[in-house]
Amino acid sequence: MKNEIFKIVPEQSKIEWIGKKVTGAHDGTIDVKEGEIVLNGGKVVGGTVVVNTASIKILDILDPATNTQMLTHLASDDFFSIEEFPEAVLNIISVNGDRVEADLTIKGIKHPVSFGISANASNTLLTASARVIVDRTKYEMKFRSGNFFQNLGDTLIYNDFELNVTLTAKAVKKDVSVTV
């Protein structure tokens with residue numbers, strides 16, 4: 001069977017993030033920079049998604065000064081170290097049914113992640129969506145984590161953050177031989 005490669009269209013793809021803390025949550029977006037999804041027999045079998053970490057936006061904080069303050073903090077070494085690591089990368093390792101096993105690299109640190117995927121493809125267009133839960137502490141984002149600091153009370157930030165990913169990709173290569 002032949003692989004089909006679909007190139008991600010960044011302008012038609014999006015990632016929405018949600019970070020939760022004891023007193024509520026914050027949400028926003030982060031842009032897909034590039035990537036590709038590989039299908040075989042109409043099913044996802046591989047791919048790579050590159051995220052532009054410098055594109056992170058906060059949507060729920062409307063006060064400009066507070067928004068800028070938090071955005072600067074997310075860009076710092078406490079979180080994404082954007083200056084040193086302007087990209088995060090997800091590499092799909094395997095897919096079993098609708099369950100994806102992948103490696104996620106943030107701040108140059110790689111860890112496995114597992115998540116469900118929903119994908120639909122035509123001859124020329126692929127849409128896919130997934131909800132990915134990430135434990136930020138695995139990527140040296142320990143700020144106000146209960147795993148590393150005590151007595152945080154209502155300033156505690158939960159370790160897991162959620163990414164709701166929607167991708168659109170266009171076919172670029174067909175009939176690429178599979179090597180096993």
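Close-up 1. At 13% relative accessibility, E162 is buried (under 20% relative accessible area; exposed is over 50%, partly exposed in between; 1.4 Å probe, protein chains only). The closest N and O atoms of E162 and R131 are 3.1 Å apart (a salt bridge is a side-chain nitrogen of Lys or Arg within 4 Å of a carboxyl oxygen of Asp or Glu). E162 lies in strand β9 and R131 in strand β8 (residues 125-135), so the bridge ties together parts 31 residues apart in sequence (helices, H or I, of at least four residues and strands, E, of at least two are DSSP runs numbered from the N terminus). The model is predicted: local features need pLDDT of at least 70, side-chain atom pairs count only at pLDDT 80 or more, and totals for chains, interfaces and linings use all residues. Residues are numbered from 1 along each chain as its sequence is written, and side-chain values use heavy atoms, without hydrogens and water.

**Close-up 2. The salt bridge of K33 and E87.** An N to O distance of 2.4 Å separates the side chains of K33 and E87. K33 belongs to strand β3 (residues 24-40) and E87 to strand β5, 54 residues apart. K33 is partly exposed at 41%, as is E87 at 32%.

Close-up 3. The structure holds one aromatic pair.

Notes. Phe/Tyr/Trp six-rings, centres within 6.5 Å; stacked < 30°, edge-to-face > 60°.
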